[in-house]
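Keep the sequence and the 3D view open while reading.

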Amino acid sequence: MSTITAYSHYIQECQQLIGAVYQAQVNAVCDILERAFESGGTIFACGNGGSAANASHFVEDLAKLMWREETGQRLRAHSLADP
């Protein structure tokens with residue numbers, strides 16, 4: 001398979017996956033995260049095996065990306081798989 005063909009297949013698969021996302025569920029998760037941030041709550045994530053690594057990565061992304069520049073406030077997030 002050529003590089004161009006492989007790339008085309010990859011793009012098609014990505015487009016199919018994006019089309020399969022349930023936007024209402026994504027919006028619901030975003031609402032939960034926003035409410036936790038606004039109220040000073042904490043998001044907990046957990047997993048086992050590879051999912052534990054995903055949980056750790058997820059909370060790191062939340063802590064890195066959800067913050068207010070003017071106050072320095074960050075979303076508190078913790079992976080239960082981490083010590």
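## The nonpolar core

The largest nonpolar core holds six residues: Leu 33, Ala 36, Phe 37, Ile 43, Leu 62 and Leu 75. Helix H2, residues 23-39, gives the largest share of this core, with three residues. Note that this is a predicted model. In soluble globular proteins, nonpolar side chains tend to be buried together.

Setting aside neighbours within four places in sequence, Leu 33 contacts Ile 43, Leu 62, Met 66 and Leu 75. Of these, Ile 43, Leu 62 and Leu 75 are also listed in the core.

## The strand pair

Strand E1 covers residues 42-45, and strand E2 covers residues 76-79. The two run parallel and are joined by four bridges. Thr 42 sits opposite Arg 76 of E2. Between the strands, the chain passes through helix H3, residues 50-65. This β-α-β crossover is right-handed.

## Ser 79

Ala 45 has Ser 79 as its bridge partner in E2. Is Ser 79 buried or exposed? Ser 79 is buried, because its relative accessible area is 1%, under the 20% cut-off.

Which residues does Ser 79 touch, not counting those up to four places away in sequence? The contacts are Ala 45, Ala 52, Ala 55, Ser 56 and Val 59.

## Cysteines

How many disulfides does the structure hold? The count is zero. A disulfide needs two cysteine sulfurs within 2.5 Å. The sulfur of Cys 14 has its closest cysteine sulfur in Cys 30, 20 Å away, so the gap is too far for a bond. For Cys 46, the closest cysteine sulfur is again in Cys 30, at 19 Å, which is also too far for a bond.

Accessibility can be read for two of these residues. Cys 14 is partly exposed, with a relative accessible area of 25%. Cys 46 is exposed, at 59%.

## Overall form

The protein has three helices and two strands. Along the sequence, the pattern reads α-α-β-α-β. Why is the protein described as more spread out than a compact globule? Its radius of gyration is 17 Å, well over the 12 Å that the globule rule gives for 83 residues, so the protein is more spread out than a compact globule.

The C-alpha trace spans about 50 × 30 × 25 Å along its principal axes. Buried residues account for 14% of the 83 residues. Ser 79 is one of the buried residues. Contacts can also be sorted by sequence distance. Among those between residues at least 6 apart in sequence, 56% join residues at least 24 apart.

Definitions and conventions. Residues numbered from 1 in each chain as written. Predicted model: local features only at pLDDT ≥ 70, side-chain atom pairs only at ≥ 80, totals over all residues. Heavy atoms only, no water. Buried < 20%, exposed > 50% of the residue type's maximum accessible area, 1.4 Å probe, protein only. Pairing = 2+ DSSP bridges. Right-handed = clockwise from strand over helix to strand, strands pointing away. Contact = heavy atoms within 4.5 Å. Core = buried A, V, L, I, M, F, W, Y, C linked by side-chain atoms within 4.5 Å. Rg over C-alpha atoms; globule rule 2.2 N^0.38 Å.
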